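Me: I'm new to reading protein structures. Could you walk me through this one, feature by feature?

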Amino acid sequence: MSNILSSQNQKPQTNPKEKSFYKLFKRNVPEGWFIRRVEDIYAGFPDILLSTPSGIIQQLELKVVTGAGKVKLSPNQVAYLTKMGALNAPVYCLVRFIDNKTLRESDWRLFHGSKAVSLKLHGLAKTEPDLLIADKNYAKLFDFLSRDF
């Protein structure tokens, strides 16, 4: 487990699948919300800062997962999500799952940062999402994110 949480300084890299996911996510952000892509601030910092109309700031790490459901989080991402999650901060990993057979989006899954170690070690199969969106009803996601902490 020490390897998962090591804080080696790694330069953030933009994954083309995650860039595409960001564009899809951004198109579905409701009016009145503020979104800023910030993945290059420093290694481990989530990809997106999102503010609700009432000013609640959310941090989202975006991941695209196919096949067996392995979530590729860097050690810095696991460390940041875990630390902020332990503080009960509104920090999440939003996973877009792509079905290997059809190569189509299957669902979106939202995980609180406190589940980062489980996501890294066990993937989607053994980590329960805080929210599952299987019907492209993205309003459910924004309803969930707009609740008070």
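Reply: Let's begin with a definition. A nonpolar core is a set of buried Ala, Val, Leu, Ile, Met, Phe, Trp, Tyr and Cys residues joined through side-chain atoms within 4.5 Å. Buried means under 20% relative accessible area, exposed over 50%, and partly exposed in between (1.4 Å probe, protein chains only). One caution before we go on: this is a predicted model, where local features need pLDDT of at least 70, side-chain atom pairs count only at pLDDT 80 or more, and totals for chains, interfaces and linings use all residues. Residues are numbered from 1 along each chain as its sequence is written, and side-chain values use heavy atoms, with hydrogens and water left out.

Me: Which residues touch the most other members of the largest nonpolar core?

Reply: In general, nonpolar side chains tend to be buried together in soluble globular proteins. Here the largest core has 22 residues, and F25, L50, W108, L110, L141 and L145 touch the most other members. The elements giving two or more residues to this core are α1 (16–27), β2 (48–51), β3 (57–66), β4, β5, β6 and α4. α4 gives the most, with 5 residues. There's also a second, separate core of 18 residues, which includes V78, V95, A116 and L119.

Me: Where do the buried residues of helix α4 fall, seen down its axis?

Reply: For this you look at an arc, taken over the directions from the helix axis to the C-beta atoms. α4 covers residues 138–145, and its buried residues are Y138, L141, F142, F144 and L145. Down the axis of α4 they fall within an arc of 155 degrees, so they line one face of the helix.

Me: And how would I check the length of a helix?

Reply: The expected span is 1.5 Å times one less than the number of residues. Helix α2 (residues 75–86) has 12 residues and should span 16 Å; its end C-alpha atoms are 16 Å apart, which agrees. The buried residues of α2 include V78, Y80 and L81.

Me: How do I read strand pairing?

Reply: Two strands pair if DSSP finds at least two bridges between them. Strand β1 (residues 34–37) pairs with β2 in the antiparallel sense over 4 bridges, and R36 has L49 in β2 as its bridge partner. β2 and β3 also run antiparallel, joined by 4 bridges; there, I48 stands opposite L60 in β3. β2 and β3 form a hairpin with 5 residues between them, and G55 in the turn has a positive phi of about 95 degrees.

Me: Which residues other than glycine have a positive phi?

Reply: As a rule, most residues other than glycine have a negative phi. N88 has a positive phi near 60 degrees, and so does K136. N88 is found in the loop between α2 and β4 (91–98), while K136 is in the loop between β6 (131–133) and α4. N88 counts as partly exposed at 48% relative accessibility, whereas K136 counts as exposed at 54%.

Me: Is E61 buried or exposed? And what does its side chain make a polar contact with?

Reply: E61, in strand β3, is buried, because its relative accessibility is 1%. A polar contact is a pair of N or O atoms within 3.5 Å; within protein, one must be able to donate a hydrogen and the other to accept it, and residues adjacent in sequence count only if both atoms are side-chain atoms. The E61 side chain makes one with the side chain of Q77, at 2.9 Å. Leaving aside neighbours within four places in sequence, E61 is in contact with residues including E18, F45, L73, L81 and Y92.

Me: What about R109: buried or exposed?

Reply: R109 lies in strand β5 (residues 105–112) and is buried, with a relative accessible area of 17%. The side chains of R109 and D107 are joined by a polar contact of 2.8 Å.

Technical notes: Contact = heavy atoms within 4.5 Å.
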